[in-house]
Amino acid sequence: MRTVVPRSLLDIDDLSRDEIFHLLDRAESFKATAPPRDLLAGIPVLNLFFEASTRTATSFTLAEQRVGADVISFAPGTSSLGKGETISDTAITLRGIGVRVIVVRHPESGFPRRLAEAFDGHVINAGDGPRAHPTQALLDLMTLRNEFGRFDGLRVAIVGDILHSRVARSNIVGMTQLGIDVTLVGPPTLLPDAFAAQGVRIERDFGAVLPLVDAVMMLRIQRERITSSLLPSLDDYTRNYQLDRRRLDTLRADAVILHPGPYNRGVELTDDVLDDPRSRYVAQVGNGVFVRMAVLDLLVNGARAA
Ligand code: CP
């Protein structure tokens, strides 16, 4: 029985509003001045990615190195989970070896929570199935605050394959908590009406929403999770929901375009979008490193002044 449970970050709602602001302030301070190299000195951090990742895996690794952690990157395909070892036995083993923090991505919703229940250390969810991706939501919030200096009353549209998107789910929770007015846009098969219960608007007409927003977040069609009944015609989808030159012309000059990546050119967006001065994709991935440093610091060291 654990008496003190080490703190984990499994979704954005593990954080209070004040803690989100603390993390964003801390991330900004790390962006302005490199963090002390000994912030996590000697703390063993394990990166455990059961699913492909470019942005999250590399930025966590860099963040861990910058704060002085002992970084262990481990290919789970070669782990003993494949030999029938349970999650809890794996957790006991890793803690016995000395691991204090596990950053985990898994295709199954809830896997990080089950790991956190068994592991006597900190677990950071780096994306579980379609359920949650809290550090992505934090870096998106940081990018929006950099741009607009506020959240309250901002109007953001999230467009595309909402059904399969952990990025959308975590952002809906984080953005609505901070007073952002969120509109979800997509066809009924990829955006069921049930999402309206989360305090967001649902729109099917992308063209009607686009001129009204401060930011538009385009999402990838997750072909690896999608069936043909959910997306009967890719041509119809792109005609109705692709951000292209014609639609860009209706977006306000002071609005910004977000994308969590990876993006599919020619599907949810065209090359014009990535070349557009309103695109903030590069800022987003850059902010990811600072946000992840701040999360590691908060979980391991607790809150302190930015
Ligand atoms: N945004 C994101 O999670 O990208 P990766 O899958 O490359 O980590």
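A cavity, as the word is used here, is a set of grid points where a 1.4 Å probe fits but cannot get out, whereas a pocket is an open set. The model discussed below is a predicted one. A search of the whole structure finds 1 cavity of 30 Å³ or more, and the largest cavity has a volume of about 40 Å³. Its lining is made up of Ile257, Leu258, His259, Leu269, Val273, Leu274, Ser279, Arg280, Tyr281 and Gln284.

The residues around the ligand are Ser53, Thr54, Arg55 and Thr56, together with Arg105, His133, Gln136, Pro260 and Gly261. By class, this shell divides into 6 polar residues, 2 charged residues and 1 nonpolar residue. Both domains take part in the shell, since at least three of its residues are drawn from domain 1 (12-132 + 286-301) and at least three from domain 2 (134-284).

An N or O atom in the side chain of Arg105 is placed 2.8 Å from an oxygen atom of the ligand, and a polar side-chain atom of His133 lies 2.9 Å from a ligand oxygen atom. Gly261 contributes through its backbone, where a polar atom is 3.3 Å from a nitrogen atom of the ligand. Taken alone, the ligand exposes 250 Å², and the protein buries 92% of that area.

Conventions: Residues are numbered from 1 along each chain as its sequence is written. This is a predicted model: local features need pLDDT of at least 70, side-chain atom pairs count only at pLDDT 80 or more; totals for chains, interfaces and linings use all residues. Side-chain values use heavy atoms; hydrogens and water are left out. A residue is near a molecule or strand if one of its heavy atoms lies within 4 Å of it. A polar contact is a pair of N or O atoms within 3.5 Å; within protein, one must be able to donate a hydrogen and the other to accept it, and residues adjacent in sequence count only if both atoms are side-chain atoms. Accessible areas come from the Shrake-Rupley method with a 1.4 Å probe; for residues, only the protein chains shown count as cover. Ala, Val, Leu, Ile, Met, Phe, Trp, Tyr, Cys and Pro count as nonpolar, Asp, Glu, Lys and Arg as charged, and the others, Gly among them, as polar. Domain bounds come from an automatic or database domain assignment. On a 1 Å grid over the protein atoms alone, a cavity is a set of points where a 1.4 Å probe fits but cannot get out, and a pocket is an open set with protein on both sides within 12 Å along at least five of seven lines; lining residues have an atom within 4 Å of a point. Grid points are joined across faces, edges and corners, and a volume is the space filled by probe spheres set on the points.
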